Amino acid sequence: MSRIQNAFKKGKAFIAFITAGDPNLETTEKLVFEMEKSGADIVELGIPFSDPIAEGVVIQEANVRALASGVTVNKIFDMVKRIRAKSQIPLVFLTYINPVLKFGYDAFFKKCKEAGIDGIIIPDLPFEEHAEIPNRHGIDLIPLVAPTSEDRIRKIAAAAEGYLYIVSSLGVTGIRSEIKTDLKSIIDIARETAKVPIAVGFGINTPEQAAQISKIADGIIVGSAIVKIIANVGATPRGCPVGDCDYPVGEYIKKMKEAI
């Protein structure tokens, strides 16, 4: 059984997203351990990219900070190896197709396998083009279902690996005060064909939202709210100094995990 499958065996899964290298890779590495200790079941690591089209302002700015600090894909792979030497928490990359193509499909997924990555999310890779990747070396390709997916929901859900990522709202990532999408209808349709757990992300940021959505989903995904904590802690323009993010991020995750 894979690490991702095991994460959902413990009950409702809390999936935490942070941008790798924001504000630097040392902080990212420490945060992964803190998030695991605080209750995160899976960690999504965003590979910073210059044009993160699925992201709102909070994560866009995190990408800018990470790139300014000199983060590269190879440096992120090295960090993942260090994390994996100490932890078995499932790790998922969120990236865009351009960095993967630049690296080379086979080389990229081989490095993922060697480093200990469990899955990957590529928001700008259409579902119909998943088959274009010839060999993923056992890395789960986690697809997204949007509120506009309609008649494609069953097809995407049937082919999902790792978990199915349900996008809660139209638009980009970001904190939302209210989620109005009829998520239950989308999840009910997806469950007809899905062989993997279903997690919901985009906009979730309060324990109340987490509790409500976890009643119908197998897990929740939170990114912008965590990234905002990292950006706001500390007096430096580029976010929190090393170590200073640990406590507030950990306390936030404890509250969210308790809520689900």
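Student: Why does Glu150 count as exposed?

Tutor: Exposed means over 50% relative accessible area, buried means under 20%, and partly exposed lies in between (1.4 Å probe, protein chains only). Glu150 has 57% relative accessibility, so it counts as exposed. This is a predicted model, in which local features need pLDDT of at least 70 and side-chain atom pairs count only at pLDDT 80 or more, while totals for chains, interfaces and linings use all residues. Residues are numbered from 1 along each chain as its sequence is written, and side-chain values use heavy atoms, with hydrogens and water left out.

Student: Where does Glu150 lie, and what is its phi?

Tutor: Glu150 lies in the loop between β6 (144-145) and α7 (153-159). Such labels follow DSSP runs numbered from the N terminus: helices are H or I of at least four residues, and strands are E of at least two. The phi of Glu150 is near 50°, a positive value in a residue other than glycine.

Student: What makes His137 partly exposed?

Tutor: The relative accessible area of His137 is 23%.

Student: Is Ile47 buried or exposed, and how do you know?

Tutor: Ile47 has 3% relative accessibility, which is why it counts as buried. The residue is found in the loop between β2 (42-46) and α3.

Student: With which residues is Ile47 in contact?

Tutor: Contact means heavy atoms within 4.5 Å. Leaving aside neighbours within four places in sequence, the contacts of Ile47 include Asn63, Val73, Phe93 and Phe108.

Student: What makes a set of residues a nonpolar core?

Tutor: A nonpolar core consists of buried Ala, Val, Leu, Ile, Met, Phe, Trp, Tyr and Cys residues joined through side-chain atoms within 4.5 Å. The largest one here has 69 residues, of which Phe14, Phe93, Phe108, Leu164 and Ile226 touch the most other members. Helix α4 (residues 73-84) gives the most to this core, with six residues. Apart from it lies another core, of 23 residues, among them Ala7, Tyr96, Ile121 and Ala199.

Student: Which residues of helix α10 are buried, and against what do they pack?

Tutor: In α10 (residues 224-232), the buried residues are Ser224, Ala225, Ile226, Val227, Ile229 and Ile230. They pack against β1 (13-19), α2 (25-38), α3 (57-68), β9 (219-222) and α11 (246-259).

Student: How many helices and strands are in the chain, and why is it as compact as a globular protein of that length?

Tutor: The chain has eleven helices and nine strands. Its radius of gyration is 17 Å, close to the 18 Å that the globule rule gives for 260 residues, so the chain is as compact as a globular protein of that length. The radius is taken over C-alpha atoms, and the rule is 2.2 Å times the number of residues to the power 0.38.

Student: What share of the chain is buried, and what share of its contacts join residues at least 24 apart?

Tutor: Buried residues make up 56% of the 260 residues. Among contacts between residues at least 6 apart in sequence, 71% join residues at least 24 apart.

Student: Which peptide bond is cis?

Tutor: A cis peptide bond joins Asp22 and Pro23, with omega about 0°. Pro23 is found in the loop between β1 and α2.
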